Amino acid sequence: MTQPWSNPLRDKRDKRMPRIAGPCSVVIFGVTGDLARKKLMPAIYDLANRGLLPPSFALVGFARRDWADEDFGQVVYEAVKQHARTPFRQEVWDRLAEGFRFVQGTFDDEAGFARLAETLNKLDAERGTGGNHAFYLSIPPKAFPQVLEQLSRTGLAKKSDGHWSRVVIEKPFGHDLKSAEELNKIVNDVFPESSVFRIDHYLGKETVQNILALRFANEMFEPVWNAHYVDSVQITMAEDIGLGGRGGYYDGVGAARDVIQNHLLQLLALTAMEEPVNFSPAELQAEKIKVLSASTLAEPLDETTARGQYTAGWQGGERVVGLLEEEGFSTTSTTETFAAITVDVDTRRWAGVPFYLRTGKRLGRRVTEIALIFKRAPHLPFDATMTEELGQNALVIRVQPDEGITMRFGSKVPGNKMEVRDVSMDFSYGSAFAEESPEAYERLILDVLLGEPSLFPVNEEVELAWKILDPALEFWAAQDEAQGHPEPYESGGWGPDSAFEMLKRSGREWRRP
Ligand SMILES: NC(=O)c1ccc[n+]([C@@H]2O[C@H](COP(=O)([O-])OP(=O)(O)OC[C@H]3O[C@@H](n4cnc5c(N)ncnc54)[C@H](OP(=O)(O)O)[C@@H]3O)[C@@H](O)[C@H]2O)c1
């Protein structure tokens, strides 16, 4: 008899064994940038340290500095020393560093790309990197088309028999639906969709992947995971930091494009989607696409959305300045640092359940969580005074920090009266498992090298997410024309008044994480 947990599609390999990347080179464009230094180069070292990279591995930096291979090596060394997750081991470093190369060039420099092709060919011949190349575009989004065109012109984007060529693209992917469609066209003219890996680093987080385990490996949650029991869903990504020095990237982008379009709508898709037939990338993507297709902004937008810009205030006992006084922002900037939207998911499972999504800078605490708020019990056989401190049941997936899950429910207060009060039951990754979670970028870079696309949004998902968000972006742009700046909110608080009003209208309130 077939066991209920057996999967006919499962391959013969034992899935508990770590998969190690095959021979390859990784080229990082934008190697002098913040992301490369803090995340990418340390993640590559951590993968090497965990034995997940092959001996025939090379890391090639491409940038406009006049550096030799050794200078590049020194830059990687400093990034690893400062930001790697795992301990420094000299023998791992020495082996990895033998594969470091640096190519000097700008994105419009054909000779630079010719040198890059030459370097990769040489590595294939001398280091055995096997003609397999991953190109990581850790560069300003406006430079994506130019680099893609250069990769196409030099033939580097083409995969020849038995070899692969893949491109990794950072967010933001476009700034609205139209620009995302145009960019997808440019990307897909150069690389087939199966070779495109769009990064949404949230999907690399253990806690985000655990949404699937929680929902589909257990029997106790799925029966209540629907409009019969759930009153509303709140997805929050709050940051306590401000934007000093990040004007170049953030100004004109704002909170909704930076976080809601990608991270929060992906979290919504994983929370709201139906069970996939199996966990193959195609089945997983099909379910996410279905639920994103069924999602729209609730209306009217002046009541169901909110947007704000932080002003001076107190944060962590320190006086901090407002966005308009931050270095890199002009005093006329209309960029929002807080955005909230209400999404209706028009499916049988979710009809009538609002999904509230919010994100902001300089909020009270750094926290990302998904909270399912349950309906109240239809009848309470207690005197009203006994349940004054009883709220709504909640299941909270704590994405970061303090990764885990909290269940909130009512419990009798000890004593000789019947008094019911909310209590919490916690699962915490830190105490339940001895293993430390890898960084999201470790998982994602390894998946690129393995050609495993499950955790990367495909072109259709990205476009659907813009389609959901675009009406809010247009509405806010019109508001700015009429009113000037987005609504101010004080640093260290939980956003503008309109965000509170947004929920108050229906008798709800935001969770205070
Ligand atoms: N930083 C993050 O945490 C983060 C998070 C999510 C997504 N991202 C995305 O990741 C990408 C990189 O972000 P970042 O923060 O690392 O940016 P960044 O610090 O501004 O770095 C940009 C990099 O691109 C290079 N570059 C720019 N124009 C160039 C040109 N014409 N020719 C050659 N090189 C050029 C810069 O080189 P020079 O040093 O020579 O200027 C630098 O290495 C962006 O798409 C961003 O949206 C970043």
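**Exercise 1.** In which loop is Pro 172 found?

*Solution.* The model is predicted: local features need pLDDT of at least 70, side-chain atom pairs count only at pLDDT 80 or more, and totals for chains, interfaces and linings use all residues. Residues are numbered from 1 along each chain as its sequence is written, and side-chain values use heavy atoms, leaving out hydrogens and water.

Step 1. Helices (H or I, at least four residues) and strands (E, at least two) are DSSP runs, numbered from the N terminus.
Step 2. Pro 172 is found in the loop between strand 5 (165-169) and helix 6 (177-190).
Step 3. The peptide bond that joins Lys 171 to Pro 172 is cis, with omega about 0 degrees.

**Exercise 2.** Describe the loop between strand 15 and strand 16 through Pro 401 and Asp 402.

*Solution.* Step 1. Strand 15 covers 394-400 and strand 16 covers 404-412; Pro 401 lies in the loop between them.
Step 2. Gln 400 and Pro 401 are joined by a cis peptide bond, with omega about -20 degrees.
Step 3. Asp 402 has its place in the loop between strand 15 and strand 16, and its phi is near 50 degrees, a positive value in a residue other than glycine.

**Exercise 3.** Is Arg 362 buried or exposed?

*Solution.* Step 1. Buried means under 20% relative accessible area, exposed over 50%, and partly exposed in between (1.4 Å probe, protein chains only).
Step 2. Arg 362 has 14% relative accessibility and therefore counts as buried.
Step 3. Asp 402, with a relative accessible area of 45%, is partly exposed.
Step 4. Arg 362 is located in the loop between strand 13 (354-360) and strand 14 (367-374); the phi of Arg 362 is near 50 degrees, a positive value in a residue other than glycine.

**Exercise 4.** Determine the strand order of the open sheet of 6 strands, and its edges.

*Solution.* Step 1. Two strands pair if DSSP finds at least two bridges between them.
Step 2. The order is 3-2-1-4-5-6, with parallel pairing.
Step 3. Strand 3 (100-104) and strand 6 (196-198) are the edge strands, each pairing on one side only.
Step 4. Strand 5 and strand 6 pair in the parallel sense over 3 bridges; Val 168 has Phe 197 of strand 6 as its bridge partner.

**Exercise 5.** Which residues does the UniProt annotation "domain: Glucose-6-phosphate dehydrogenase C-terminal" cover?

*Solution.* Step 1. According to the unreviewed UniProt entry, this annotation covers residues 212-511. UniProt positions are given in the numbering used here, feature names are shortened, and annotations may be inferred rather than shown by experiment.
Step 2. Over residues 212-511 the chain is 31% helix and 25% strand, with the end C-alpha atoms 23 Å apart.
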